[in-house]
2 protein chains.
Amino acid sequence: VNPDLANERQTASFSVEKLTALLDGGAEQTRLRRAVVEAIERDPVFSRENQYFQSQNERYEAAVRKAVHLQKKMHEMGWSQDGPESKYIYRAVAGDIAFLLHRIFMRSISVLGSDEQIAKWIPPASQYRLIGSYAQTELGHGTYLQGLETTAVFDVTTQEFILNTPKVSAMKWWPGDMGRSATHTVVFAQLYIHGKCYGIHPFIVQIRSLQDHSLCPGIIAGDIGPKMNFEHIDNGYLMLQNVRVPRENMLNKFCEVQPDGTYVRRGSQKINYFTMTSVRISLISGEAVTPLMKACTIAIRYSAVRRQSKLKPGEQEAKILDYQTQQEKLLPQLAAAYAFHFIDDYLQEVFDRGYGEIQRKNFDTLPELHALSSGFKATVTQYCTSGVEICLRACGGHGYSLLSGLPSLYTKIIASCIYEGENTILLLQTARFLVKSFMAASTGQSVPPSVTYLAAAKPRKCPAKNKLDFLSPDIYTEAYQHMAVRLISSTAAKLQDLIQSGVKKHDAWNRCTVQLAQAAKAHCHYITVKNFAETVEKLESKAGIQKIMKHLCDLFALHGIFSNAGVFLHDGYISGAQMDMVTASYLDLLAIVRKDAVPLVDAFDFTDKSLNSALGCYDGQVYQRLYEWARKSPTNKQISPAYEKYLKPLLHNTLSKL
Amino acid sequence: VNPDLANERQTASFSVEKLTALLDGGAEQTRLRRAVVEAIERDPVFSRENQYFQSQNERYEAAVRKAVHLQKKMHEMGWSQDGPESKYIYRAVAGDIAFLLHRIFMRSISVLGSDEQIAKWIPPASQYRLIGSYAQTELGHGTYLQGLETTAVFDVTTQEFILNTPKVSAMKWWPGDMGRSATHTVVFAQLYIHGKCYGIHPFIVQIRSLQDHSLCPGIIAGDIGPKMNFEHIDNGYLMLQNVRVPRENMLNKFCEVQPDGTYVRRGSQKINYFTMTSVRISLISGEAVTPLMKACTIAIRYSAVRRQSKLKPGEQEAKILDYQTQQEKLLPQLAAAYAFHFIDDYLQEVFDRGYGEIQRKNFDTLPELHALSSGFKATVTQYCTSGVEICLRACGGHGYSLLSGLPSLYTKIIASCIYEGENTILLLQTARFLVKSFMAASTGQSVPPSVTYLAAAKPRKCPAKNKLDFLSPDIYTEAYQHMAVRLISSTAAKLQDLIQSGVKKHDAWNRCTVQLAQAAKAHCHYITVKNFAETVEKLESKAGIQKIMKHLCDLFALHGIFSNAGVFLHDGYISGAQMDMVTASYLDLLAIVRKDAVPLVDAFDFTDKSLNSALGCYDGQVYQRLYEWARKSPTNKQISPAYEKYLKPLLHNTLSKL
């Protein structure tokens, strides 16, 4: 181990192993996770060693190979699909695997299909006698589902639906596993019966032969080409030309077309709505927080090894982690990674409780769950994406090399801001809930737990008298609360004013959306800070860990005030003089947290293989590894034809002319 | 043309052609630029049609081919290296060409070499009888040149320098054109004579045979592998093992080693210093502003064509450009592109004047030029990088496809934050100049023109009384000035306080760096706003253009206040009530500028080929083009071996088992 890294570890103020166990939810979980990761990483099929050198075609082939091999592996190891190991498998393969949409295909049938449909499709799907995909998004429509243009016309005479892509913009576009792998897909289309449109419905459609994988009649499908990342996934396009499927292929748990064309609705679709929101929550940990944790691990270890320029004249060059500006880039991201890990715990809890209610047919919690899932999906993916980018830039030129692992983390996490609901649209959904709750609260009606604070608001000033006061969670949590209430209430007031002055409702809404999105973010920021502070409080039995977590919580909170100073200063809740105290405490914290920075990323417990980074390895041998990895690049494996074709004639012709 | 785009153009409030001419610096320049672009784009060798599908090896080969072909082309067209066409050639090939470092190689010899050295090396280099590179950066050292570890020991007996790479971290790493192409390079190494170190000096070293391109004895070199972008460039590594070069190969305009080992300095190196700063200015336009202009063109045209969801119930789906949140993402970036185009004009002017002074041996302007070049390189590249990212995200899923052109713009521009001086370090250099100037100004000494405002500062309140007052350039320019002075003076005071309280100078400096960097940014932001306002004022003869430029200037200025509200509110210069006026005016401006958004990007005058974007083409046929381009992807050109190897056995084996 590089002595510069070894030193950082010797001075840890807490037990790294205990913090890892806390993050995992207990030492037993840590043991289980490590066993799964080890089993996967020991198997050469799952190696990501050459990932940065592979073409899109090679990545796809490797991902399919891994997906198929994983079935064998799970059987061998005795892991079941829903077993306790399953959540660690995805982490261990770093998402670099095919058939993720096959699982969505199965889930959509389970949720939207009748018992007969489940009995017919789930067994062959779980045995991979078919490979499914999920075809919702079209070239011309993403988040706005009602606008989808694919049609499914019911033909009473043959008892079939006839599916069509009426124009280019109606082509299905983006569905994973569909470009080259899937044999079946769930197609969302506008249902027409006797010329009347009944809106969007899901249909199971076979797109490729089970015998030779050729495209079925009327199907035009392929891969949508290169993307920023996800080269391993065959995101596809699909055009349907008079494709007929039997009446039984419309998923009909909630509505059915009877043989004579009568359309029947049944049951409540609310549970389906719940599924959508739970998907948003479920991606926070794996798709947003984990990549940020990895980026922090890479950037902080590298910053403790990289020496550049001198802090004091005459001394050795300084570790770049000792520069205040470098600390200010990286340590708030580290604090955020912890903050979001804990908010994910909180959201899981809220959702588990909500699920219990829903199973008792009580749907009252749905609006709150929807607002939470939308708001936190948007704020966490957005924050983590920025965080990964900051880590990348903080590593200078070497961060820009794919071998650092940072570019691929960034190009992948940025997609999380778009999929499962575009972030701005999600924030506005949360804002709609907040405005409604604020109105209710101000007229004395009861509101859901996460927004009761809207009623309790009292306009006053921040009581902090010196910089140490700002290390009190009460002080900063209240500042966040005050700020969130102010942004929500002032935007609600602007909305009301516009409407009362005669502006039409939808227009008034549009004219407030910039501020509404800001208010939604403020709400989520407040809950994150509050939850972090409460989490720290509960750690009283773990003194060493509680202390460093308190520092991180303070850092997260004060960084937020420092970098969004305007919203706190606006009404004078925090004064200019107090903002100077915030700044002073914030900068002090950087120097404190810096001391434990390396142990704090070690506690995330990523293996070298899972980081796949020449800069982030545990031993800190960054330069040696960059050199070794670079030599394996295909650019060094052949003499480029460019020499014989262009360079040699250039160099020689010119020589001969003189 | 898509009617949704055609409509946008019919309502332009100004003449697009006249604005283009203004941006080019006159109609004659526009004509010349178009002629160059057309000649290049008509030539199939320069086609970028398949760029998004190519591997690193293929990109490199194409770039070398283009570079070689360009020599022929220039000869054919009668274009000279320094002719008026030259600046348009780089724009036309979109930087996608090899041998860019060859030009740096030649420039370094011209600037650092003696007349004899210039006479010996420049002629063969300009005829490509050799290909040069520039080997400064090492694995372990970037911006801090004094830390470089490569050694050059003078051997009196043979009159040679012996060059060595003493350890892995001393390997040259990153130099362009060096991995596979260059035959020669300028190596920066620590000079040792009789055991004494004289610091960093430049040496011309041959690394590959001119006959067969094999590596020279003692040379280990290769390609550093995959990066986020620049796949077309063979960034290389270089290790030197007892490589001997004759005494004449040290570039010796400013210092020489005489035959007996006597080290002699001569002349002033200040002119060299000037070269460094001018490189930073020269990259602003091509590497930062142009990519932002392209990203705006793509995102704004797409947003006028993309329809999603409904603004008013019962109406057609709305153009996403009509949503306030979409306007708030894109239009400030558009305003910034114009602001930075004009600041580039300003900087060129200041530098031309400075160069005149320097030729008259007056070096007084150097510190200011250095501060300007450092500060603006950092702030403009940083701002434009964020801007391109915002444009990418604002295009949703399709922006994430490489075919949109946005990912490659982003992955390339982000490197500009790192090369030619890492941005944080550059900002701190500007800050050092600002603190010094502030101290001088406050003791009544004269200071350079760009910082005289530091002396004129008077603490008072913003006089604006309503939202329209904030459309007065005097009002907002003064607010920016006040804010810059406050940040510079308060940080200077903190620095002084720390030092007076006994903290060592270097430590005090480090503890102020977060705020110093902020102050440097504020200074550049102020100058940009002021310059934009002055530029608008001078447009009085062009009424239509002046009006829309005024709107953009207001938008740029108010967006900056809105999104950095804290620094304006901090001391009460702007009150909370006034900030509400800023917000109102800012949001109003979005709706105004939105009307001319498409004509404003049309005026940048990028051809479809230069945008290379399925979303950004002039005709707005985005869906048709995405589909056509995707079909050309290599992922659709072959049946993946994955089917026979993995999918078929999976699908069939399972079938047979049942």
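Guide: Contact means heavy atoms within 4.5 Å. The structure discussed here is a predicted model.

Visitor: How many residues does the contact take from chain A and from chain B?

Guide: Under that cut-off, 127 residues of chain A and 127 residues of chain B take part.

Visitor: What area is buried between chain A and chain B?

Guide: About 10,600 Å² is buried between the two chains, and carbon and sulfur atoms give 64% of that area. A:Arg393, A:Tyr400 and A:Tyr627 supply 8% of what chain A buries against chain B, more than any other three residues.

Visitor: What relation superposes chain A on chain B?

Guide: A rotation of 180° with 0.0 Å of shift along its axis does so, at an RMSD of 0.0 Å. That is therefore the relation of a two-fold axis. A:Gly566 is the residue of chain A that comes closest to the rotation axis, its C-alpha lying at 1.7 Å.

Visitor: What makes the meeting of B:Lys329 and A:Glu422 a salt bridge?

Guide: The definition asks for a side-chain nitrogen of Lys or Arg within 4 Å of a carboxyl oxygen of Asp or Glu. Between these two side chains the N to O distance is 3.4 Å, and the pair is a salt bridge. Across the interface of chain A and chain B, the rule finds four salt bridges.

Visitor: At what angle do helix H13 and helix H14 of chain A pack?

Guide: Their angle is about 90°, with the axes 10 Å apart. Angles of 65 to 115 degrees count as roughly perpendicular, and H13(A) is therefore roughly perpendicular to H14(A). Among the residues making this contact are A:Phe438 of H13(A) and A:Leu495 of H14(A).

Key: Residues are numbered from 1 along each chain as its sequence is written. Chains are lettered from A and ligands numbered from 1 in the order in which they are written. This is a predicted model: local features need pLDDT of at least 70, side-chain atom pairs count only at pLDDT 80 or more; totals for chains, interfaces and linings use all residues. Side-chain values use heavy atoms; hydrogens and water are left out. Axes are lines fitted to C-alpha atoms, for helices over the stretch in contact, and angles run from 0 to 180 degrees between N-to-C directions. Helices (H or I, at least four residues) and strands (E, at least two) are DSSP runs, numbered from the N terminus. Angles under 35 degrees count as roughly parallel, over 145 as roughly antiparallel, 65 to 115 as roughly perpendicular and the rest as oblique. Copies are superposed by least squares on the C-alpha atoms of residues with pLDDT of at least 70 in both. Buried area is the accessible area (1.4 Å probe) that two parts lose on being put together, summed over both.
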